[in-house]
Amino acid sequence: MKKLLVLGMTGLALVGLTACGEKKLEGTYKNVDVNSSHIYDMTFSGNELRMDAGAGKFIGTYKIKGDKIEYVVTERDGENVSGEEKDHTMVLNFKETENSIIVKVDKSNDPEETLTK
């Protein structure tokens, strides 16, 4: 009986952890202040992030870890990016509001940018 109780509680704990999952964003967020922006828009779909920025158009995968988005770029301006993964990882400071996200490239002088859904 104790084994069944332990198995049942373990199963419930695993279901609870699985349900929590990773935080994901969906849809396109656009920067309305195009005069001072470095990031024009960001489109999230599943694990994929497409970003149109002053430095080019990027495609890659992302994970949200607390108040950061870790973005691994796999393509830039239509060309595959190769080499060590860490060389193509961008970290963005991140905040989410009701209809927008506020991002800033980590450890840069770039300003915070608000992108609206």
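**View 1. Glu-48 and Arg-50 pair up in a salt bridge, with 3.0 Å between their closest N and O atoms.** A salt bridge here puts a side-chain nitrogen of Lys or Arg within 4 Å of a carboxyl oxygen of Asp or Glu. By that rule, the count is six. Glu-48 is partly exposed at 29% relative accessibility, and Arg-50 is partly exposed too, at 41%. On the cut-offs: buried is under 20% relative accessible area, exposed is over 50%, and partly exposed is in between (1.4 Å probe, protein chains only). A word on the model: it's predicted, so local features need pLDDT of at least 70 and side-chain atom pairs count only at pLDDT 80 or more, while totals for chains, interfaces and linings use all residues. Residues are numbered from 1 along each chain as its sequence is written, and side-chain values use heavy atoms, with hydrogens and water left out.

**View 2. Glu-70 meets Lys-65 in a salt bridge, at 3.5 Å from N to O.** Glu-70 is partly exposed, with 29% relative accessibility. Lys-65 also counts as partly exposed, at 45%.

**View 3. Lys-95 reaches Glu-112 through a salt bridge, the closest N and O atoms being 3.2 Å apart.** Lys-95 sits in strand β7 and Glu-112 in the loop between β8 and β9 (113-116), so this pair ties together parts 17 residues apart in sequence. Strands (E, at least two residues) and helices (H or I, at least four) are DSSP runs, numbered from the N terminus. Lys-95 is partly exposed at 44%, and Glu-112 is partly exposed at 47%.

**View 4. Ile-101 has a spot in the largest nonpolar core, which has 20 residues.** Such a core is a set of buried Ala, Val, Leu, Ile, Met, Phe, Trp, Tyr and Cys residues joined through side-chain atoms within 4.5 Å. Met-42, Phe-44 and Ile-101 have the most contacts inside it. Leaving out residues up to four places away in sequence, Ile-101 touches, among others, Leu-25, Tyr-29, Met-42, Phe-44 and Phe-94; contact means heavy atoms within 4.5 Å.

**View 5. Lys-57, in strand β4, is the residue to look at here.** Lys-57 counts as exposed, at 52% relative accessibility. Its side chain makes a polar contact of 3.4 Å with that of Asp-52. A polar contact is a pair of N or O atoms within 3.5 Å; within protein, one must be able to donate a hydrogen and the other to accept it, and residues adjacent in sequence count only if both atoms are side-chain atoms.
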